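Subject: Structure for your review

Dear colleague,

Please find below the structure that I am handing over to you. My notes on what was found in it follow directly after.

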Amino acid sequence: MYHHLAENINNNTVISPNNFENQIKALKAEGYHAISVQELYDYFNNHIKLPEKPILITFDDGYLSNYEKAYPILKKYDMHAEIFVIASRIVHTKNDYPKEIAKMNWDQLNEMQDYITIQSHTWDSHYKLTSKNGRVYGAIYGPSYINGQLESQQQFEERVRHDLLYSRQIIKEKLGYEPIAISYPYGNQSPATIQIVKEAGFKMGYVIQNKSVRMGDDLFTLSRITVNGHDTGPELIHKLTTQ
């Protein structure tokens, strides 16, 4: 799981283009084959054969750096990736959300279809709310306080269902296909969330548990491994082989 690329910044959510290329180069040299979420779904459900050393490369949020910096590197090493976008943030100009890190536009997402598939990170629910138990979770976790008022279960379900359906609708309208997977903002989900995700037509859901995915795992709580920008190629390989 990656997010943003920026020069000379390396941490759990940002990686420098140079370090990213070193990691992708190491994966290629070690014989890893980048697969799609569709291939993983088909493996789980139809038992198709995956290539040797399959790996799923994902990005969350939809940052412009994915297009400007990651996409050329993925093409160079012939590696596929999936980007889970906050669909409301796929913009017309860099200035649409001036207080946020720049996101991509639909033309750029279309251009990348040779190596990248777009999935959902919700339409516009990438923020946190206080739940009825007083804890703060991602907005699609459960009934939450909105403007000081606790939602009913029905209000929560209607809010989230509308968001998820629209995220699928707009991606299909703009790119010509419906996403089959969602990554839950902040990794937060609940049984109620998963039920709504299923009703919205998604076939898979991704969380953050820092372990490998294996046959038999629940398709709606599939783990991803957080890549640290400081990880060298060998260190990333070690993560993949020990988690």
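Where is the place of Thr-122? Thr-122 sits in the loop between E7 and strand E8 (128–130). Please note before reading further that this is a predicted model.

**Positive phi angles**

The phi of Thr-122 is near 85°, a positive value in a residue other than glycine. With a relative accessibility of 0%, Thr-122 counts as buried. Asn-8 also has a positive phi, of about 60°, although it is not a glycine. The loop that holds Asn-8 runs between strand E1 (4–5) and strand E2 (14–15). Is Asn-8 buried or exposed? Its relative accessibility is 73%, and Asn-8 therefore counts as exposed, the cut-off being over 50%.

**Helix H2**

Helix H2 covers residues 37–46, and its buried residues are Val-37, Leu-40, Tyr-41, Asp-42 and Phe-44. Among the elements that cover these buried residues are E6, E7, strand E12 (181–183) and strand E13 (204–206).

**Helix pairs**

Two packed helices are described by the angle between their axes and the distance between the axes. Two pairs are reported here in those terms.

For helix H1 (residues 17–29) and helix H7 (residues 233–242), the axes come within 8 Å and cross at roughly 60°. H1 and H7 are therefore oblique to each other. The crossing in which H1 passes H7 is right-handed. On the H1 side, Asn-22, Gln-23, Ala-26 and Leu-27 take part, and they meet Gly-233, Leu-236, Ile-237 and Leu-240 of H7. Sorted by class, this contact of H1 with H7 has 5 nonpolar and 3 polar residues, with no charged residues.

The second pair is H5 and helix H6 (residues 191–199), whose axes come within 10 Å and cross at roughly 45°. H5 and H6 are therefore oblique to each other. Their crossing is right-handed. H5 contributes Gln-153, Phe-156, Glu-157, Val-160, Arg-161 and Leu-164 to the contact, while H6 contributes Ala-192, Thr-193, Ile-196, Val-197 and Glu-199. By class, the contact of H5 with H6 comprises 6 nonpolar, 2 polar and 3 charged residues.

**Nonpolar cores**

Which members of the largest nonpolar core touch the most other members? This core has 39 residues, and those with the most such partners are Phe-20, Ile-24, Leu-27, Ile-57, Phe-59, Leu-74 and Ile-116. At least two residues of the core come from each of H1, helix H3 (64–76), strand E6 (81–85), helix H4 (106–111), strand E7 (116–120), helix H5 (153–175) and H7. H3 supplies the largest share of the core, 6 residues.

Once its neighbours within four places in sequence are left aside, Ile-24 is in contact with Ile-57, Ile-73, Leu-74, Tyr-77 and Met-79. There is also a second, separate core of 26 residues, which includes Ile-180, Ala-181, Met-204 and Tyr-206.

Ile-194 is found in helix H6. A relative accessible area of 13% makes Ile-194 buried, since the cut-off for that class is under 20%. Leaving aside neighbours within four places in sequence, Ile-194 is in contact with Tyr-184, Gln-189, Phe-220 and Thr-221. From C-alpha to C-alpha, Ile-194 and Gly-31 are 34 Å apart in space, and they are 163 residues apart in sequence.

Ile-208 belongs to the loop between E13 and H7. Its relative accessible area is 36%, and Ile-208 is therefore partly exposed. Not counting residues up to four places away in sequence, Ile-208 touches Met-1, Tyr-186, Gly-187, Arg-224 and Thr-226. Ile-208 and Gln-189 are 19 residues apart in sequence, with 11 Å between them in space, C-alpha to C-alpha.

With kind regards

Key: Residues are numbered from 1 along each chain as its sequence is written. This is a predicted model: local features need pLDDT of at least 70, side-chain atom pairs count only at pLDDT 80 or more; totals for chains, interfaces and linings use all residues. Side-chain values use heavy atoms; hydrogens and water are left out. Axes are lines fitted to C-alpha atoms, for helices over the stretch in contact, and angles run from 0 to 180 degrees between N-to-C directions. Helices (H or I, at least four residues) and strands (E, at least two) are DSSP runs, numbered from the N terminus. Angles under 35 degrees count as roughly parallel, over 145 as roughly antiparallel, 65 to 115 as roughly perpendicular and the rest as oblique. A crossing is left-handed if the near helix is turned anticlockwise from the far one by less than a right angle, and right-handed if clockwise. Contact means heavy atoms within 4.5 Å. Ala, Val, Leu, Ile, Met, Phe, Trp, Tyr, Cys and Pro count as nonpolar, Asp, Glu, Lys and Arg as charged, and the others, Gly among them, as polar. A nonpolar core is a set of buried Ala, Val, Leu, Ile, Met, Phe, Trp, Tyr and Cys residues joined through side-chain atoms within 4.5 Å. Buried means under 20% relative accessible area, exposed over 50%, partly exposed in between (1.4 Å probe, protein chains only).
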